Every structure is written in structure tokens, then in C-alpha cells.
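Hi,

Here is the structure I promised to pass on. Have a look at it first, and then read on for what turned up.

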Amino acid sequence: MPLEDQFNNARNSASDLNQELAFIADAIASIGAQLEDELIRKLDNATEGAKGVGDALRKGYSKNVKDASKFVEDLVKAQGKQEKGLLKQSEITKLQNKLAEIQAMKQFRLNQARAYGITLSEEDLQAMNAEIQAAEKVLDSIQQSQTEFGGIAALVNEKFQELKLNAKDIAGAVLKYMIDRLKEVDVEVRDIQHNFAVTKKEGIEINQTLARTSLEARTLGVNLETVTQATNDLNNALGGTANLFSTDIRNGVAFAERRLGLSAEAASNLAIEAINSGKAFNTIVAENEAAFKAVKATTGVSLNFRRTLEEANKVSGAVRLNLEKFPGGIIEAVAAAKSLGLELDQIRGIQSSILDFEQSISAELEAEAITGIELNLERARLAAMNNDIAGLTAEIASQFGSVAEFQSMNYYQQQAFAKAVGLSSDQLADVLRTQESINNSLQTGVETQGESLTANASALSAQEALTESINSLNTILKTSLALMLGIAAAAAIFLAIPTGGTSLLGLGALSSSVLGGLAVGGGVAAVMDGTAPADRGPFTITDSYGATAVTAK
């Protein structure tokens, strides 16, 4: 049944209930008076013992009648509150308890009178209980309609309070929202002018381009704000260029920074790799993920994807350039090193050390002589010479031995062995300890059923998704300054009708002075149809033919 029909039915029932309450009030007054007269007559004819309690019985009965009358008044008040949706269940319960109390007290008075030989006829007893039974019926009706009329009224009242906004309030909120967004655009355009040394008109065009193309990503978190930041970060990473880059690159960096949580340095390095390789940004990220998964499949070690991606893309210099020739080569090298308890910086140090052939071979022979352990670093040197970081990592780690073997050596043996593999004894000890802990924890590694680690790592909470949705809405609005000014002008015109044109004047001032004529250029404010305030002017009016008129007094 429609809400309106439910409401009308409940209201009709309430009206009938109110009329019934009026009948009950009359009945209580009438029946109460008749029974009190009958009780007095019987008390006068009663035994001496009964006469002694007559006054108490009469007063008690009179109080019961007054309580019953007041109870009916309470029912009327409850019904009125229920119509407004304000009646609580606790109040109904209180009324039910009060009715039970009145009924118990009446029964007590009858029992008290009967104890002294005073009895009422069956007809009198029925009349005495009639008003209580009627009151019970009414109270049951109130209880039943609490979920019908009372519940409906409460819901309507609650929603009414929530939505208690008139058209003026809405127009004011819309105007304020649009003015805030327009001010944001003004600041954004100014920043573009500063960063690219362009005119305001050119700054507007760049701002609009960034807004429109950011929407092509169709991804929460990629919006005008984040794309602008990404563009600035990438220009800074390139030493201070003034490029706009491609839509793919801008949106990719924005996604990496906002959703994957990468630093500006790491996200920019991914973008530079994409630019230099001619690949899409997402392709570079996919290659990184594939290389990361390959290391996991080979070593069985579970690593933090986001952290590894961040560290790998902070690698710079010759190592980065050499590894970029392999798809995902940098993250593969970093992940392989981490899986063996090493860091990439340590591998780079080992590479430098073992490629000092004379010193390295001498240290290798010395270690073999004093430890009795046979070392074979030829393949490690070959991998180091070919910049095969992953191969070097695997080869050098195979020579380390175990924690137990290291602990069995004396001081000089530990020093010599560590030197032969390009580390200090403390560094080697830490690596062995970490490596053993990693190996002992393999069975507790986290596995995922999700196909994309990138998608998993870029998840948003409900609140974050809501925030990003609002940011996307702002970006959509900013793709058309004419639309924003149009909405703002419509709201301003509505507010101008009762306020003498003040809102229109304020909007004109905003579009011309704050935004510098962003909508139409040339410093002319774009204003929709409206009434100009009579106490202001003069106004310059230009029609569609280009004719201009200036108002005068």
C-alpha cells in the first residue's frame, strides 16, 4: 500500500479512537457517580463494624474513579503524540502498567467491602468494570497502531527533519559549492601559469585538457588534482622540464602515486621507463608484477609487493639503466636479493669487489687456505661483469654457507671468508641470520587467489572510494567552465529575486575579477538572464550582433 494511503488510513483510525475515548470519559463519570451512590446507600444500611470503615471505602472508591478519569486523559495525550510520531513504546508500557494498577485497586476495594458484608449486584460489577475494559481496548488499539500510524508518522517526521530545506537553502548551497569550485580553478590556473610561464588563457586551456583527459582513466583516484600533481612530479624528476606528456603517462603516474601509494620518485621512474621504451605505463607496471611473481615462484618467498615496487623504482644510475633492458629486470633483481636476505645495495658492493680481479682472487685463495672451504666465484664474476644482477645474487648466495658453518669458524676465518664474497664479517652474519629466518618462515607466506597484485594493492576503503568519487565529480564539473558558471548563475538568479540582485552582482564580480573572465575571455562576465539591481551601474550590455550600450541614470 502506498505510504499516503497508509497514512490516511492510520489518521482515520486515530480519529475514531479519539471519539471512543470521549465516550469512555463520559461513561466513567456517569457510572462512577451511580456506583458511588449505591455504595453509600449500602454502607448506611450495613452493620456497625462496616460503618467504621465506610468513610475509608468511600474515599478509596472516589480516588479510583478520579484515577480512571485521569487515565483516559493520559490516553488522549498519548494518541495526540502518536499522531505526530512522537509516542515512545516506553510510554505505552507505562500506560499499560497504570491500567493494571487501577484494575487491581478496584478489585481491592471490592474485596475490602465484601469483607464487611457489602456486596454489589452482578449488574453493578459489570458496570464497574466496563470503563476499564473499554480503556484496555483503546490502549490495545494504540499499541497496534504504534507500528502503523505511529511508525509511519515517526518516519515521515524524521525524514522531514532531515530534509527540512527550502528552495532558497538549496540554491544557496549550490551557489556556494560552485563558487568554491570556481575559486579552485582560479588557483589551479595560476599555478599552471607559474609552472609553465603561460598566459591565463593558455593556463585555462591546459587546466581543461588535464581535467578532460584524467576522466579517460575511468579510475577512482585519477582526477584533475592528482593528474596535475603527477605532471609536476614528472617534470621535476626530469630536472625541471615544462612538458604535459601523454594522457597515458599522466594518468599512470597519478594512479601509481594515489592508489599504489608510490613516492613521486618511484612513480616517475616507472613513467620514464615507459617513455623511453615506448610502452604504455600500465604495461611497465604489468611487467614489474610478472617479474615479482616469477621470483616468488622460484624462491617460494613471499614479499610485500608495494614495498618491493617502491624500492625497485628508487634504484638509479648504471644498475637501473642496465636492468631496464630486461622487462621487469629491476624489480626481479630487488626481489631476488630480498628473498636471499640481501639488499640490492649490498649486491652492487659485491659486484664492485669481486670485479677487482687481483684482490678478489687473492682473497678467495686466502679464505680457502685458512677455512678449508672450497670456493668457486668464477660464475659470480662472469655474472657481475655482464651486469647480470639476478645471476650474481644467486651465485654469491650459494657460496655463503649456513649460520652453523659461520659460527664454527674462528675470528680470522670469518673475516677471510666474508672478504672473499665481498662483504664484511658483520654484513655476512646479518645476511645469514636473515636468510635462515626467511627459510624457516616459508610455510607461513601469504598466498592470494587474486590474479592482479596491482589491483589488490590499490584497493580503497568505502570512505576513500566516496572521497575519490566526489573528487571525480569536481573534475567532471571543471571540464566545462561554462557549465559551472551556468549552474552558479542559475542559483544566483534564484537568490537574487528576493535579495535585490545581490547574488547576481557577486557572481558577476567573481567571474570577472576573481577568474579574470575565464568563461568568455576579455574580462567580460558571463551572466544568465536576471534583473540588474536598480541601485548599481552603469552596466555595459552587448547583444548577439555585437552592438554595445551603456546604461545611464
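**Salt bridges and other contacts**

Glu287 counts as buried, at 17% relative accessibility. Keep in mind as you read that this is a predicted model. The partner of Glu287 is Lys279: the two form a salt bridge in which the closest N and O atoms are 2.7 Å apart. Lys279 itself is partly exposed, with a relative accessible area of 31%, whereas Glu287 falls under the 20% cut-off and is therefore called buried.

How many salt bridges does the structure hold? The count is 22, and a few others may interest you.

One of them joins Lys200 and Asp186, whose side chains meet at 3.2 Å, N to O. This pair links distant parts of the chain, since Lys200 belongs to helix α7 (residues 200-214) and Asp186 to helix α6 (residues 167-196), 14 residues apart. Lys200 is partly exposed, at 27% relative accessible area, while Asp186 is buried, at 18%.

Another salt bridge runs between Glu447 and Lys296, with 2.9 Å between the closest N and O atoms. Glu447 sits in the loop between α21 (425-440) and α22 (453-457), and Lys296 in helix α11 (residues 281-299), so this pair ties together parts that are 151 residues apart in sequence. Glu447 is exposed, with a relative accessible area of 58%.

There is also a network of salt bridges, which links Arg181, Glu184, Glu188 and Lys478.

Now to the helix packing. The axes of helix α8 (residues 224-237) and helix α10 (residues 264-277) come within 9 Å and cross at roughly 75°. That angle lies between 65 and 115 degrees, so α8 counts as roughly perpendicular to α10. On the α8 side, the contact is made by Asp233, Leu234 and Ala237; α10 contributes Ala264, Ser268, Ala271, Ile272 and Ile275.

Finally, the surface. Which residues form a nonpolar patch there? They are Phe357, Ile361, Leu365, Leu382 and Met385, and together they have about 480 Å² of accessible area. Helices α16 (357-371) and α17 (378-385) each supply at least two residues of this patch, and α16 gives the most, with three. Leu382 is found in α17 and is partly exposed, with a relative accessible area of 47%.

Best wishes

Conventions:
Residues numbered from 1 in each chain as written. Predicted model: local features only at pLDDT ≥ 70, side-chain atom pairs only at ≥ 80, totals over all residues. Heavy atoms only, no water. Patch = residues over 30% accessible without salt bridge, like charges linked within 9 Å, V, L, I, M, F, W, Y side chains within 5 Å. Areas by Shrake-Rupley, 256 points an atom, 1.4 Å probe, with all protein chains shown as cover. Salt bridge = Lys/Arg side-chain N within 4 Å of Asp/Glu carboxyl O. Helix = DSSP H or I, 4+ residues; strand = E, 2+ residues; numbered from the N terminus. Buried < 20%, exposed > 50% of the residue type's maximum accessible area, 1.4 Å probe, protein only. Axes fitted to C-alpha atoms, helices over the stretch in contact; angles between N-to-C directions. Parallel < 35°, antiparallel > 145°, perpendicular 65-115°, else oblique. Contact = heavy atoms within 4.5 Å.
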